[in-house]
Amino acid sequence: MERERRRVVIIGGGVAGSLLAKSIQFNSDLTLIDEKEYFEIPWARWRAMVDPSFGERSVINHRDYLTNGRIVASSAIDITETEVLTAEGRLIPYDYLVIATGHTDSVPKTRTEMLNQYQTECEKINSARSILIVGGGPTGVELAGEIAVDFPDKLLTLVHNGPRLMEFIGIKAASKALNWLTSKKVEVKLGESVILNDDDEDNANGVKLFQTSRGESVKADCHFLCTGRPVASSWLRRTLLKSNLDKRGRLMVNENLRVKNRNNVFAIGDITDIPEIKQGYLAQKHALVAAKNLKLIMDGEKESKLEKYEPRTPKAVMVSLGRKEAVAQFSFTTVSGSVPGMVKSKDLFVGRTRKKLGLQPNATLID
(Lines give C-alpha, C1' and ligand atoms only; values in the text may rest on other atoms or scores of the structure.)
Protein backbone atom coordinates (compact mmCIF):
# COMPACT_ATOMS: atom_id res chain seq x y z
CA MET A 1 0.00 0.00 0.00
CA GLU A 2 1.16 3.52 -0.74
CA ARG A 3 2.33 5.31 2.37
CA GLU A 4 0.09 8.18 3.48
CA ARG A 5 1.68 11.44 2.53
CA ARG A 6 2.75 13.71 5.37
CA ARG A 7 1.25 17.16 5.75
CA VAL A 8 3.78 19.93 5.10
CA VAL A 9 2.94 23.61 5.57
CA ILE A 10 5.26 26.31 4.19
CA ILE A 11 4.73 29.85 5.44
CA GLY A 12 6.10 32.35 2.93
CA GLY A 13 6.19 32.19 -0.85
CA GLY A 14 9.31 34.17 -1.60
CA VAL A 15 12.62 33.03 -3.08
CA ALA A 16 13.11 30.14 -0.65
CA GLY A 17 9.51 29.15 0.03
CA SER A 18 8.47 28.98 -3.61
CA LEU A 19 11.38 26.74 -4.64
CA LEU A 20 10.82 24.44 -1.67
CA ALA A 21 7.11 24.16 -2.47
CA LYS A 22 7.88 23.29 -6.08
CA SER A 23 10.46 20.71 -4.97
CA ILE A 24 8.31 18.70 -2.54
CA GLN A 25 4.81 19.10 -3.99
CA PHE A 26 4.67 15.50 -5.18
CA ASN A 27 6.23 14.07 -2.02
CA SER A 28 3.84 15.54 0.53
CA ASP A 29 0.37 16.81 1.27
CA LEU A 30 1.45 20.39 0.78
CA THR A 31 -0.03 23.76 1.78
CA LEU A 32 1.68 27.05 0.93
CA ILE A 33 0.59 30.03 3.03
CA ASP A 34 1.51 33.41 1.57
CA GLU A 35 0.03 36.89 1.93
CA LYS A 36 0.03 37.26 -1.83
CA GLU A 37 -1.04 35.00 -4.69
CA TYR A 38 2.25 35.19 -6.57
CA PHE A 39 6.01 34.98 -6.34
CA GLU A 40 7.87 38.14 -7.32
CA ILE A 41 11.51 37.72 -8.29
CA PRO A 42 12.77 40.47 -5.97
CA TRP A 43 15.97 41.45 -7.77
CA ALA A 44 13.95 42.14 -10.94
CA ARG A 45 11.67 44.71 -9.29
CA TRP A 46 13.77 47.75 -10.16
CA ARG A 47 13.89 46.85 -13.86
CA ALA A 48 10.11 46.36 -13.85
CA MET A 49 9.68 49.84 -12.35
CA VAL A 50 11.31 51.45 -15.40
CA ASP A 51 10.07 48.82 -17.87
CA PRO A 52 6.75 47.36 -16.66
CA SER A 53 6.74 44.73 -19.42
CA PHE A 54 9.68 43.07 -17.67
CA GLY A 55 7.33 42.17 -14.82
CA GLU A 56 5.36 39.83 -17.06
CA ARG A 57 8.08 37.19 -16.53
CA SER A 58 9.27 38.17 -13.06
CA VAL A 59 5.86 38.03 -11.34
CA ILE A 60 4.64 34.44 -11.25
CA ASN A 61 1.36 33.17 -9.87
CA HIS A 62 2.00 30.44 -7.30
CA ARG A 63 -0.42 28.21 -9.17
CA ASP A 64 1.78 28.33 -12.28
CA TYR A 65 4.54 26.26 -10.63
CA LEU A 66 2.62 24.69 -7.74
CA THR A 67 0.25 22.26 -9.44
CA ASN A 68 -0.08 19.70 -6.65
CA GLY A 69 -0.69 21.64 -3.45
CA ARG A 70 -2.99 24.07 -1.70
CA ILE A 71 -2.38 27.81 -1.79
CA VAL A 72 -3.74 29.93 1.05
CA ALA A 73 -3.46 33.66 0.27
CA SER A 74 -3.38 34.95 3.82
CA SER A 75 -0.91 35.77 6.56
CA ALA A 76 -0.11 33.37 9.38
CA ILE A 77 -0.77 34.81 12.81
CA ASP A 78 -0.19 31.91 15.21
CA ILE A 79 1.34 28.45 15.44
CA THR A 80 0.49 25.56 17.72
CA GLU A 81 2.22 22.20 17.99
CA THR A 82 -0.01 20.85 15.22
CA GLU A 83 -1.67 23.75 13.37
CA VAL A 84 -1.15 27.16 11.79
CA LEU A 85 -3.77 29.86 12.29
CA THR A 86 -4.23 32.35 9.44
CA ALA A 87 -5.55 35.91 9.59
CA GLU A 88 -8.76 34.80 7.92
CA GLY A 89 -9.39 32.32 10.75
CA ARG A 90 -8.37 29.05 9.09
CA LEU A 91 -6.62 26.35 11.09
CA ILE A 92 -4.25 24.40 8.86
CA PRO A 93 -2.82 21.15 10.32
CA TYR A 94 0.76 20.09 9.73
CA ASP A 95 3.17 17.28 10.41
CA TYR A 96 6.10 19.39 9.26
CA LEU A 97 6.31 23.19 9.20
CA VAL A 98 8.69 25.47 7.30
CA ILE A 99 9.06 29.19 8.07
CA ALA A 100 10.22 31.17 5.02
CA THR A 101 8.76 34.64 5.58
CA GLY A 102 11.95 36.59 4.78
CA HIS A 103 11.68 40.36 5.25
CA THR A 104 8.61 42.53 5.65
CA ASP A 105 7.30 43.96 2.41
CA SER A 106 4.11 45.82 1.59
CA VAL A 107 2.98 44.57 -1.81
CA PRO A 108 -0.38 43.97 -3.53
CA LYS A 109 -2.18 40.67 -3.12
CA THR A 110 -2.67 39.73 -6.77
CA ARG A 111 -0.34 39.51 -9.76
CA THR A 112 -2.46 41.94 -11.74
CA GLU A 113 -2.24 44.51 -8.96
CA MET A 114 1.53 44.07 -8.76
CA LEU A 115 1.92 44.62 -12.51
CA ASN A 116 -0.31 47.69 -12.23
CA GLN A 117 1.91 48.99 -9.44
CA TYR A 118 4.95 48.71 -11.69
CA GLN A 119 3.07 50.75 -14.30
CA THR A 120 2.21 53.39 -11.71
CA GLU A 121 5.81 53.62 -10.52
CA CYS A 122 7.03 53.93 -14.10
CA GLU A 123 4.59 56.75 -14.79
CA LYS A 124 5.74 58.48 -11.61
CA ILE A 125 9.36 58.27 -12.73
CA ASN A 126 8.51 59.35 -16.26
CA SER A 127 6.59 62.44 -15.13
CA ALA A 128 9.18 63.52 -12.55
CA ARG A 129 11.97 65.92 -13.37
CA SER A 130 13.92 65.24 -10.19
CA ILE A 131 14.08 61.99 -8.19
CA LEU A 132 15.50 61.19 -4.76
CA ILE A 133 16.69 57.70 -3.78
CA VAL A 134 17.25 57.12 -0.07
CA GLY A 135 19.70 54.29 0.61
CA GLY A 136 22.94 53.28 -1.07
CA GLY A 137 22.88 49.53 -0.59
CA PRO A 138 22.48 47.21 -3.59
CA THR A 139 18.79 48.11 -3.86
CA GLY A 140 19.39 51.84 -4.08
CA VAL A 141 22.37 51.49 -6.41
CA GLU A 142 20.53 49.15 -8.80
CA LEU A 143 17.41 51.35 -8.87
CA ALA A 144 19.56 54.41 -9.52
CA GLY A 145 21.27 52.54 -12.34
CA GLU A 146 17.98 51.54 -13.95
CA ILE A 147 16.62 55.09 -13.84
CA ALA A 148 19.90 56.67 -14.99
CA VAL A 149 20.02 54.44 -18.08
CA ASP A 150 16.35 54.45 -19.06
CA PHE A 151 15.67 58.08 -18.08
CA PRO A 152 18.99 59.91 -18.54
CA ASP A 153 17.30 63.32 -18.49
CA LYS A 154 16.20 62.99 -14.84
CA LEU A 155 17.95 64.88 -12.05
CA LEU A 156 18.78 61.95 -9.81
CA THR A 157 20.08 62.22 -6.24
CA LEU A 158 21.10 59.25 -4.07
CA VAL A 159 21.59 59.83 -0.33
CA HIS A 160 23.28 57.16 1.79
CA ASN A 161 24.08 57.33 5.50
CA GLY A 162 27.19 55.16 5.24
CA PRO A 163 30.73 56.31 4.41
CA ARG A 164 30.58 54.44 1.09
CA LEU A 165 28.09 52.65 -1.08
CA MET A 166 27.23 49.00 -0.44
CA GLU A 167 29.28 48.31 2.68
CA PHE A 168 28.68 44.57 2.27
CA ILE A 169 31.18 44.42 -0.61
CA GLY A 170 34.76 45.57 -0.95
CA ILE A 171 35.99 49.12 -1.33
CA LYS A 172 37.06 48.62 -4.97
CA ALA A 173 33.65 47.37 -6.05
CA ALA A 174 31.89 50.16 -4.16
CA SER A 175 34.19 52.74 -5.75
CA LYS A 176 33.53 51.39 -9.23
CA ALA A 177 29.78 51.65 -8.63
CA LEU A 178 30.17 55.21 -7.35
CA ASN A 179 32.27 56.23 -10.35
CA TRP A 180 29.71 54.71 -12.72
CA LEU A 181 26.84 56.58 -11.05
CA THR A 182 28.64 59.90 -11.12
CA SER A 183 29.51 59.33 -14.78
CA LYS A 184 25.76 59.13 -15.38
CA LYS A 185 25.34 62.49 -13.58
CA VAL A 186 23.80 60.95 -10.47
CA GLU A 187 24.50 63.16 -7.45
CA VAL A 188 25.61 60.88 -4.60
CA LYS A 189 25.63 62.18 -1.02
CA LEU A 190 27.45 59.90 1.41
CA GLY A 191 27.42 60.07 5.21
CA GLU A 192 24.00 61.67 5.25
CA SER A 193 20.48 60.55 6.05
CA VAL A 194 17.17 61.99 4.91
CA ILE A 195 14.42 63.02 7.27
CA LEU A 196 11.21 61.70 5.72
CA ASN A 197 7.94 63.23 6.87
CA ASP A 198 4.44 63.00 5.48
CA ASP A 199 4.27 66.78 5.55
CA ASP A 200 7.45 67.47 3.59
CA GLU A 201 7.25 71.06 2.42
CA ASP A 202 6.23 71.70 -1.19
CA ASN A 203 7.61 74.72 -2.97
CA ALA A 204 5.64 76.85 -5.38
CA ASN A 205 6.05 74.34 -8.21
CA GLY A 206 4.89 71.38 -6.14
CA VAL A 207 8.42 69.98 -5.76
CA LYS A 208 9.12 68.53 -2.32
CA LEU A 209 12.01 69.73 -0.22
CA PHE A 210 13.71 66.97 1.74
CA GLN A 211 16.05 67.79 4.61
CA THR A 212 19.25 65.84 5.17
CA SER A 213 21.01 65.21 8.47
CA ARG A 214 23.55 67.90 7.51
CA GLY A 215 20.83 70.48 7.14
CA GLU A 216 20.88 70.50 3.35
CA SER A 217 17.74 70.62 1.24
CA VAL A 218 17.18 68.22 -1.64
CA LYS A 219 14.49 69.04 -4.18
CA ALA A 220 12.67 66.13 -5.77
CA ASP A 221 9.35 65.47 -7.45
CA CYS A 222 9.29 61.96 -6.01
CA HIS A 223 11.41 59.69 -3.83
CA PHE A 224 12.06 55.99 -3.32
CA LEU A 225 13.04 54.50 0.01
CA CYS A 226 15.67 51.77 -0.49
CA THR A 227 16.86 51.14 3.03
CA GLY A 228 16.95 47.77 4.78
CA ARG A 229 13.70 46.06 5.71
CA PRO A 230 13.13 44.29 9.02
CA VAL A 231 12.88 40.52 9.21
CA ALA A 232 9.26 39.34 9.01
CA SER A 233 9.28 37.64 12.39
CA SER A 234 7.43 39.98 14.75
CA TRP A 235 4.36 37.73 14.57
CA LEU A 236 6.46 34.78 15.75
CA ARG A 237 7.01 36.50 19.11
CA ARG A 238 3.40 35.61 19.94
CA THR A 239 3.78 31.93 19.01
CA LEU A 240 5.41 28.83 20.45
CA LEU A 241 8.54 29.72 18.44
CA LYS A 242 9.17 32.94 20.38
CA SER A 243 12.01 31.34 22.34
CA ASN A 244 13.67 30.26 19.09
CA LEU A 245 14.31 33.83 17.93
CA ASP A 246 17.67 35.49 18.46
CA LYS A 247 18.14 39.15 19.46
CA ARG A 248 17.81 40.27 15.84
CA GLY A 249 14.52 38.45 15.39
CA ARG A 250 15.96 35.64 13.29
CA LEU A 251 15.09 31.98 13.79
CA MET A 252 17.96 29.94 15.16
CA VAL A 253 18.51 26.81 13.06
CA ASN A 254 20.83 23.83 13.25
CA GLU A 255 23.01 22.37 10.49
CA ASN A 256 20.00 20.55 8.96
CA LEU A 257 18.00 23.82 8.80
CA ARG A 258 15.69 22.66 11.55
CA VAL A 259 14.67 25.27 14.08
CA LYS A 260 16.73 24.43 17.16
CA ASN A 261 14.98 22.03 19.56
CA ARG A 262 12.14 21.51 17.06
CA ASN A 263 12.31 18.23 15.16
CA ASN A 264 9.43 19.01 12.78
CA VAL A 265 9.96 22.75 12.17
CA PHE A 266 12.39 24.12 9.58
CA ALA A 267 13.37 27.66 8.64
CA ILE A 268 14.98 28.81 5.39
CA GLY A 269 15.97 32.04 3.70
CA ASP A 270 16.61 35.45 5.20
CA ILE A 271 14.71 34.71 8.40
CA THR A 272 17.40 32.31 9.61
CA ASP A 273 20.37 33.17 11.82
CA ILE A 274 22.83 31.54 9.40
CA PRO A 275 25.98 33.75 9.38
CA GLU A 276 26.18 34.61 5.68
CA ILE A 277 25.17 37.39 3.31
CA LYS A 278 21.42 37.36 2.76
CA GLN A 279 21.17 36.78 -0.99
CA GLY A 280 18.54 35.15 -3.15
CA TYR A 281 20.70 32.38 -4.56
CA LEU A 282 21.71 31.34 -1.03
CA ALA A 283 18.04 31.24 -0.04
CA GLN A 284 17.55 28.87 -2.97
CA LYS A 285 20.37 26.69 -1.59
CA HIS A 286 18.50 26.58 1.74
CA ALA A 287 15.35 25.48 -0.06
CA LEU A 288 17.07 22.59 -1.83
CA VAL A 289 18.71 21.32 1.38
CA ALA A 290 15.40 21.56 3.26
CA ALA A 291 13.62 19.74 0.42
CA LYS A 292 16.11 16.89 0.54
CA ASN A 293 15.89 16.59 4.31
CA LEU A 294 12.09 16.68 4.37
CA LYS A 295 11.96 13.93 1.76
CA LEU A 296 14.42 11.80 3.75
CA ILE A 297 12.50 12.26 6.98
CA MET A 298 9.15 11.52 5.36
CA ASP A 299 10.67 8.37 3.84
CA GLY A 300 11.73 7.23 7.30
CA GLU A 301 15.48 7.55 6.71
CA LYS A 302 17.96 7.79 9.58
CA GLU A 303 18.93 11.18 11.00
CA SER A 304 22.53 10.51 10.00
CA LYS A 305 21.55 10.74 6.33
CA LEU A 306 20.25 14.31 6.59
CA GLU A 307 22.19 16.86 4.57
CA LYS A 308 24.08 19.55 6.44
CA TYR A 309 24.01 23.15 5.26
CA GLU A 310 27.35 24.94 5.44
CA PRO A 311 27.29 28.77 5.57
CA ARG A 312 28.74 30.07 2.34
CA THR A 313 30.91 32.94 1.26
CA PRO A 314 29.78 33.94 -2.24
CA LYS A 315 32.32 33.20 -4.97
CA ALA A 316 31.09 36.33 -6.71
CA VAL A 317 28.88 39.29 -5.87
CA MET A 318 27.30 41.19 -8.76
CA VAL A 319 25.42 44.47 -8.74
CA SER A 320 23.73 45.51 -11.96
CA LEU A 321 24.23 49.01 -13.34
CA GLY A 322 21.40 49.48 -15.77
CA ARG A 323 20.65 47.11 -18.63
CA LYS A 324 24.13 46.42 -19.99
CA GLU A 325 26.71 46.95 -17.25
CA ALA A 326 27.47 45.66 -13.77
CA VAL A 327 30.15 45.54 -11.12
CA ALA A 328 31.36 42.11 -10.04
CA GLN A 329 33.52 41.24 -7.06
CA PHE A 330 35.38 37.94 -7.12
CA SER A 331 37.79 36.54 -4.54
CA PHE A 332 40.74 37.41 -6.79
CA THR A 333 39.63 40.61 -8.57
CA THR A 334 36.92 43.20 -9.11
CA VAL A 335 35.64 44.14 -12.57
CA SER A 336 32.93 46.37 -13.98
CA GLY A 337 31.41 47.08 -17.34
CA SER A 338 29.71 45.09 -20.06
CA VAL A 339 31.32 41.70 -19.32
CA PRO A 340 29.66 41.21 -15.90
CA GLY A 341 26.70 43.05 -17.38
CA MET A 342 26.22 40.23 -19.88
CA VAL A 343 26.05 37.77 -16.99
CA LYS A 344 23.55 39.58 -14.79
CA SER A 345 22.13 42.83 -16.12
CA LYS A 346 20.70 41.64 -19.42
CA ASP A 347 18.09 39.33 -17.86
CA LEU A 348 18.74 39.67 -14.09
CA PHE A 349 18.66 35.86 -13.80
CA VAL A 350 14.90 35.88 -14.41
CA GLY A 351 15.04 33.10 -17.00
CA ARG A 352 17.25 31.00 -14.74
CA THR A 353 14.89 31.48 -11.79
CA ARG A 354 11.86 30.54 -13.87
CA LYS A 355 13.62 27.34 -15.01
CA LYS A 356 14.24 26.35 -11.38
CA LEU A 357 10.49 26.58 -10.86
CA GLY A 358 9.89 24.35 -13.87
CA LEU A 359 8.66 27.17 -16.10
CA GLN A 360 9.67 28.29 -19.58
CA PRO A 361 12.36 30.97 -19.14
CA ASN A 362 10.93 33.35 -21.72
CA ALA A 363 7.20 32.63 -21.49
CA THR A 364 4.73 35.21 -20.20
CA LEU A 365 1.37 34.47 -18.68
CA ILE A 366 -1.79 36.52 -18.92
CA ASP A 367 -4.14 36.60 -15.94
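Let's start with E310, which sits in the loop between α8 (280–298) and β18 (316–321). Helices and strands here are DSSP runs, numbered from the N terminus: H or I of at least four residues for helices, E of at least two for strands. Is E310 buried or exposed? It counts as exposed, because its relative accessibility is 53%; the cut-offs are under 20% relative accessible area for buried, over 50% for exposed and partly exposed in between, with a 1.4 Å probe and protein chains only. From E310 to G136 we have 174 residues in sequence and 29 Å in space, C-alpha to C-alpha.

A quick word on the source, friends. This is a predicted model, where local features need pLDDT of at least 70 and side-chain atom pairs count only at pLDDT 80 or more, while totals for chains, interfaces and linings use all residues. Residues are numbered from 1 along each chain as its sequence is written, and side-chain values use heavy atoms, with hydrogens and water left out.

Now please find G13, in the loop between β1 (7–11) and α1 (15–24). With a relative accessible area of 1%, G13 is buried. Leaving out residues up to four places away in sequence, G13 touches S18, L32, I33, D34, K36, Y38, F39 and H62, where contact means heavy atoms within 4.5 Å. G269 is 256 residues from G13 along the chain, and their C-alpha atoms are separated by 11 Å.

Next comes N244, in the loop between β16 (222–225) and β17 (265–267). N244 counts as buried too, at 6% relative accessibility. What lies 2.9 Å from a polar atom of the N244 side chain? That is the backbone oxygen of K260. K260 is also among the residues that N244 touches, along with R250, L251, M252, V259 and R262, again not counting residues up to four places away in sequence.

Let me finish with a helix pair. Two packed helices are described by the angle and the distance between their axes. For α6 (residues 138–150) and α7 (residues 171–183), the axes come within 10 Å and cross at roughly 30°; axes are lines fitted to C-alpha atoms over the stretch in contact, with angles from 0 to 180 degrees between N-to-C directions. So α6 and α7 are roughly parallel to each other, a label for angles under 35 degrees. On the α6 side, the contact is made by V141, A144, G145 and V149, and on the α7 side by A177, W180 and L181.

Key. Parallel < 35°, antiparallel > 145°, perpendicular 65-115°, else oblique. Polar contact = N/O pair within 3.5 Å; in protein donor to acceptor, adjacent residues only side chain to side chain.
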